[in-house]
Structures are given as structure tokens and as C-alpha cells.
Amino acid sequence: MRAAAPTAPPPGRRPPHGPSALQLAAAKSALFLICLLPLGWYLNRLLNDQLGANPIEAITRASGEWTLRLLLVTLAITPLRRLTGWHWLIRLRRMLGLFVFFYASLHLATYLWLDQFFDWAAIGKDILKRPFITVGFAAYLLLVPLALSSHNAVIRWLGGRRWQALHRSIYAIAVLGVVHFWWLVKRDITEPLIYALILAALLGARAWWREQERRRQLAPRRPPAGKTVIPIVPR
Amino acid sequence: MLIRINQDAHPIAPSEITPESLYRGRRNFIRAAGLGAAALAVSPAFAAAKLGAIQKSPLSSTEAPTALKSVISYNNFYEFGTGKEDPARNAGRFKTRPWTVRVDGLCAKPRTFAIDDLLKLAPLEERIYRMRCVEGWSMVIPWNGFPLASLLKQVEPLGSAKFVEFVTAADRATMPGLALPVLDWPYTEGLRIDEAMHPLTILALGLYGEELLAQNGAPLRLVVPWKYGFKGAKSLVSIRLTDKQPATAWNIAAPNEYGFYSNVNPEVDHPRWSQASERRIGEFTKRKTLPFNGYADHVARLYAGMDLRKFY
């Protein structure tokens, strides 16, 4: 959901070792097509009657799983950037986030149409009564403002700080998404557990780095060894 | 999803029809392979033997049966994996010959039955039944089998027998799903004696006129059409008459979600999802779920006076 920082580098200069504008455009185009692959794969199977005995269930499941997968990929950008030093990765994050929203919308549409056939009374009851639907629906509602604010003009209008504060809800959305999956499986929790572990690692890395940063700032600044420092004492 | 091709627009040319000699040749080839490598016995997921004479039954539904392809490819049989397509994929090493079923407990003549004797125990009937899964989908399946009562009568149940316990196969070498502690293996099920003796309750040995495939519970399984599908224990190895309500696998796993009775009931939701409607496999829109899966006229009296919200 997050976009590049609103403060663009001055024209003519680009960060060292980063890709050129052309390379970045190529990377974005490639990513766009990659993100469409699951859709293409399932459409092709659907049209060729290869989705098994219960194609609607298969579509519901696939759209939900790809929402979660892309969400985890989006959340992996920051740790990946930190570990590799490839700061340009952040320029791909908005598109990933918007694809999360795209697949989540397909998933919701499948439920509203192919599962409930727009029976709004039943849908309302489901949302209130079924915890896994409640959390899934809440996650989707929280995604909407993030998708709407994934535009440079909106970021300028909001201001970087507020935009960032808003987009922190992606952590809650991810947790809700995994809980949604966990609560819907009948018995075998292997798959939701895998998603939960990856999410825990991605969020855990952030918490750990944050804690390190906090400690670094709190620690008394030691003078470099071997140098005598004359303390400045106010007289 | 369903693309209907106008047959008249694409007539089948005589040249496209396989000549008899060729397909006979193929069958001979398969037979030879079967003799040589026992291929048919080794892979029950793909080969099914034809059953003998089968009688029609007035208890059959008149609804259109679900396509065989769906019935044998979309299954819940956790011993072969928890995915719907896992059983057909993973059941290749499961052997259904030789096979015996022990019938004992509170009866006068406990006995062990070999599968080939069971096939001849009673006239085989076709029972076209609705099957409603607790997950919210359903099928119409033309089972082949005979009433469970026919088997139970052979062992002469005692008056003290109030329940029947069913234990199913749990062979780690050929059932890869057993590696995960998803359920308390072996899978067990149970019925009250009057449910077990009810004429609708059958032991199925086949479907669509052929012996059961492993994914459908070969070589024999229980079918109780007014209950959720999981009550139909597959690949039975033991049937025991008892005086106590037997523990059942799903009830042990999640007692608040799966009761002993598990009668199909649109009024009593699963704690996590509604049971009011179902998707019939092969259909686009959903249909309303019927009390006792449409068999209320036959079985509702078994539960007269019982609070079905409590005894779910």
C-alpha cells in the first residue's frame, strides 16, 4: 500500500548503484505482469473446466490465498531493502499493495456474488455472526483507504507523516487476513500456520530492528577508544 | 463453466469412432498388464471392477446423479490428505484385497467377514442418495450396496446393544494423511442401534455400478443419507455393537462443532458457518438445505421429543 517517499530526489541525480529510470520502468512492467499471472492461470483453468468439481470454491480459495501471498510480499519489501541495501525496491511496493487490493476485491466479489448471490440480509448476518467473515470483512474495509491513498496527489494532500500513520494499518490487516484463513479451515491448520509464521517473521524483524534502534539512541555515547576527550563542563 | 457444444453442428465422423478390434485390443493389453503386474490391484484410484446384478430401490432419489468424475475426484478422506483432490491422488498404494471386517461386540455370533463374502451377503441394490457435506456442498450419488441391517442380523445383536461403533482403516504405509495428527486416528464413527438398523442406512460397496475406488471409501463404507457426509465412515475394518455411545473422530476433534448425531439440519448452524443452504456440485446457484437432508419423512420420528439444537 505504501508508495515511494513523497520527497523525490532532485532531478538529474539518482542514488548511487540504483537502477536507471528505464530499468525501474522495466522492473515495474515485469512486476505488473507477474502479479497478473495468478489471475491468468485461474481464468485459463476456469474456461477449460480444469478447476475441479467445485470451481467456485477453487476461485474463492485462490483469490484469498493470492491476496495473502501478495500482502506478505509487500510486507517483505522493507526487510529485504534493509538486508540487501536495494533501496529502489520501495518503488515497487505501491504496485504490490494495489494488487493486494485487487485480489482482495476479487475475493470479496466472489463471496458476495457466487457464494451469497447478493442476498444482503444473509451477508449482513454472516458478517456479524461468523467471526472468520467478520475479520475478513474488517480487513477489506481497512484496505480501502490504503488503496485510495496510494497516489502521489493524495500523499501530498495528507502529508508524509499522516500518510505513513494511516498505512501502518497494513500490519493489522495482515494479522486479520491470517486469522480469517485460520478460522475458516475445518481442521488442518498447516497452511494458515505457514502464513502466520511468515507474517510473524516479517513483523518480528521490524520489531527487533526498532528495538535495536531504540537502544542505540538510549545508550550513552562512548568516545572512540584511544582518544582523550576533554569534557566540556559549564563553568 | 459448462460450455454446451451443439452436437448437430459437429457430427462425429465414422472415421473418428474407434474400431472394435482396436478397443478390444486395448482391453486385452490392460488385462495382460493386470495379470503381469497386478496393476489393477495396485492402483485402486484408477481402476474399478464392475459389480454384478444390481436391483433398483424405491428408496432412491429421482434427482440427477452428480457426474462420476466429480464423485471420484472431490473427496474428503483425510487419511489420504486434507485437500479435496488429495484422496484420488494419494490413494494409489492403498490395497483393498485381501480385506476383512470384524463384526462383534454385544451379539450372539461375532464374525469376521471377508470382502468377497460381503459382496455376496445380500442382493446389491442401487441407492441414489443425496449426500450433504458439513462444509456446505452436496452431491447425488448412486451407491451400490445393501442395508447395514442385513449384515448386523447375521451376528444376532443382543438386546443390550444400543449403539454401533465403526472403526476404519489406518495403515500408515499406504495412507499418507495419517502422518499428520489432524484427527485422532483411526477414524471412528457411531450410530444409535435404531439408526443403524434403519432401511435407509446402507453399507456401500460400489457406486455407478462399479466397486468403490479408494477415495470413496473402498472396499466398503457406511452411508447414512440424512446425516452429514462425515458420518459415513470409509474403508471399514470393524463394526462393534455396544451399550455405550461410541466416541467419534470429529466429535473428539471439535465437540462444539460436530455432535454425535450430526443430522443434516438447516436450522442448526455450524458454529462457524451457516447450514441453511448448500452448493450442489455441478450447479451454479445454491439451494436450500432440507431438514434431515430431505429424508425427514423416513427418519424424523427417530428423534421425536429430542431437542435437535442440543443433540446436534
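Start in chain B: select strand β1 (residues 100–105) and strand β10, which pair in the parallel sense over 4 bridges. Strands here are DSSP runs of E with at least two residues, helices are runs of H or I with at least four, and both are numbered from the N terminus. Two strands count as paired if DSSP finds at least two bridges between them.

A note before moving on: this is a predicted model, where local features need pLDDT of at least 70 and side-chain atom pairs count only at pLDDT 80 or more, while totals for chains, interfaces and linings use all residues. Residues are numbered from 1 along each chain as its sequence is written, chains are lettered from A in the order in which they are written, and side-chain values use heavy atoms, without hydrogens and water.

Now click B:Gly105, and look opposite for B:Leu241 in β10(B). How many of the 7 residues of β10(B) are buried? The count is 5, so strand β10 (residues 236–242) is mostly covered; buried means under 20% relative accessible area, exposed over 50%, and partly exposed in between (1.4 Å probe, protein chains only).

Hop over to chain A, with its 9 helices and 0 strands. Select helix α8 (residues 169–184). Its buried residues include A:Ile173, A:Gly177 and A:Phe181. Among the elements covering them are α2 (55–84) and α9 (190–218) of chain A. Finally, zoom out: buried residues make up 34% of the 235 residues in chain A.

Note on methods: Expected span 1.5 Å × (residues − 1). Contact = heavy atoms within 4.5 Å.
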